[in-house]
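Hi everyone, thanks for making time for this. I'd like to walk you through one protein chain, step by step, so please have the viewer open.

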Amino acid sequence: MVKDRRRARRQQGEVSGLINTLPLTKTNFWFILYLLAEIFDCKKNNMRQEGGRVKKRSFIKFAIRSTSFSLGGFSVKKLNLILVSLLILAFAAPAFGQVCYNAPKDGVYTTNNGTMIGGRASEAWCAGLGPGQPGNTENAQSWDGAVLGGQWKVWGMASEGAVETARYFDVYGNGWIDYATNYTGGQFWLSGTGSWGSGATDYTGLVTYFNVAARVTYVAGSPVGVTSNILLMGTFDNCTHCQIQYAISNALLVWQTGYPTVMLADYPPFLCGAASGELFDACCIVAKIFCQPTAVDESTWGAIKSLYR
């Protein structure tokens, strides 16, 4: 019997060593739970006692020891295995959430090299008060001359209000005023058929930063044009370690409410139910995508356990 116990402990150690080096994936998680169940079945009648009484441990210590297969001979009910499983799943859930099975490809994509196409944008005057007002909302989409929004979309960014940063005018009223505007919220979408994708799925994400630097040009005291440069940053859904930095230069105002011409067709619609706003052409785009897997992604079962010992 002593030899059997020693052999069992040696085999247990070998299994434990194997499991401790397994990458923490969903498949391996269920494999580990299966082995736990087998060990419970094999050792359920082997109790370790001290002074005639079963040695007590806190539930957390018991759970962690269970995951390392040092069960110590406890005689426990199957309910404990379920509770341990739930606890393990709670510990492992953040790591599972980091797994990205179809990450976008790292790279720099531009309109200059043909990997990005230009676009069109609208800014809705949600309160009907005109440009530069808080609450105005952006909606931008790619445009290839025939299809709107076929390659990329960015929408839902709400203005915090334009802030004047500089100005210059001569004695005739000719000059310019620069404005900086920060926006909050927003989402983005990238076609999976772009150079950054495999074609398997499209990509979506949240905008974490959106800023517009605009220069309004004046002639004889009247505004005659607006040119904007936009910087966007965001993170990908389901691939939170993947980020995008997106710069649009030379976005030109082509129409706004109050112009004598009718509103142009084939532009992104005004959001927030607005009936007035502005339309822009975006010619020059640079997008940088980069993924930086976190340490959690590479964790093994043993590494996760060590955090809770």
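I'll start with the overall picture, then go through the core, the strands, the charged pairs and a few details at the end.

Before anything else, please keep in mind that this is a predicted model. The chain has five helices and 13 strands. Of its 309 residues, 41% count as buried. The accessible surface comes to about 16,800 Å², and carbon and sulfur atoms make up 57% of that. Now take the contacts in the chain with a separation of 6 or more: 63% of them are between residues 24 or more positions apart.

Let's go inside. How many residues does the largest nonpolar core have? There are 37 of them, and those with the most contacts inside the core are Leu190, Phe210, Phe236 and Tyr246. Several strands give two or more residues to this core, including E6 (148-159), E8 (175-184), E10 (203-219), E11 (222-236) and E12 (239-256). A second, separate core has six residues, among them Ala124, Trp255, Ala274 and Leu279.

Leaving aside residues up to four places away in sequence, Phe210 touches Glu138, Val154, Met157, Thr181, Asn182, Tyr183, Ile230, Leu231 and Leu232.

Next, let's look at how strand E10 pairs with other strands. Which way do E8 and E10 run relative to one another, parallel or antiparallel? They run antiparallel, and nine bridges join them.

Now for the charges. Side chains of opposite charge can pair when their charged atoms come close. How many salt bridges does a search of the whole structure find? The answer is three.

Let's begin with Arg215 and Asp178, whose side chains meet in a salt bridge at 2.7 Å, N to O. Arg215 sits in strand E10 and Asp178 in strand E8, so this pair ties together parts that are 37 residues apart in sequence. Is Asp178 buried or exposed? Asp178 has a relative accessible area of 16%, so it counts as buried, while Arg215 is partly exposed at 35%.

The next salt bridge is between Asp281 and Arg120, and their closest N and O atoms are 3.8 Å apart. This pair links distant parts of the chain: Asp281 is in strand E13 and Arg120 in strand E4 (residues 119-124), 161 residues apart. Arg120 is buried, with a relative accessible area of 15%, whereas Asp281 is partly exposed at 29%.

That leaves Arg167 and Glu164, whose side chains meet at 2.7 Å, N to O. Here Arg167 is partly exposed at 49% relative accessibility, and Glu164 is partly exposed at 37%.

Tyr209, Leu231 and Met233 make a nonpolar patch of about 220 Å². Met233 belongs to strand E11 and is partly exposed, with a relative accessible area of 31%.

As promised, back to phi. Most residues other than glycine have a negative phi. Where does Asn238 lie? You'll find Asn238 in the loop between E11 and E12, and its phi is positive, about 65 degrees, although it is not a glycine. Asn238 is exposed, with a relative accessible area of 62%. Asp266 also has a positive phi, near 65 degrees. Asp266 lies in the loop between E12 and E13, and at 47% relative accessibility it counts as partly exposed.

That's my tour, and I'm happy to go back to any part of it.

Methods
Residues numbered from 1 in each chain as written. Predicted model: local features only at pLDDT ≥ 70, side-chain atom pairs only at ≥ 80, totals over all residues. Heavy atoms only, no water. Core = buried A, V, L, I, M, F, W, Y, C linked by side-chain atoms within 4.5 Å. Buried < 20%, exposed > 50% of the residue type's maximum accessible area, 1.4 Å probe, protein only. Helix = DSSP H or I, 4+ residues; strand = E, 2+ residues; numbered from the N terminus. Contact = heavy atoms within 4.5 Å. Pairing = 2+ DSSP bridges. Salt bridge = Lys/Arg side-chain N within 4 Å of Asp/Glu carboxyl O. Areas by Shrake-Rupley, 256 points an atom, 1.4 Å probe, with all protein chains shown as cover. Patch = residues over 30% accessible without salt bridge, like charges linked within 9 Å, V, L, I, M, F, W, Y side chains within 5 Å.
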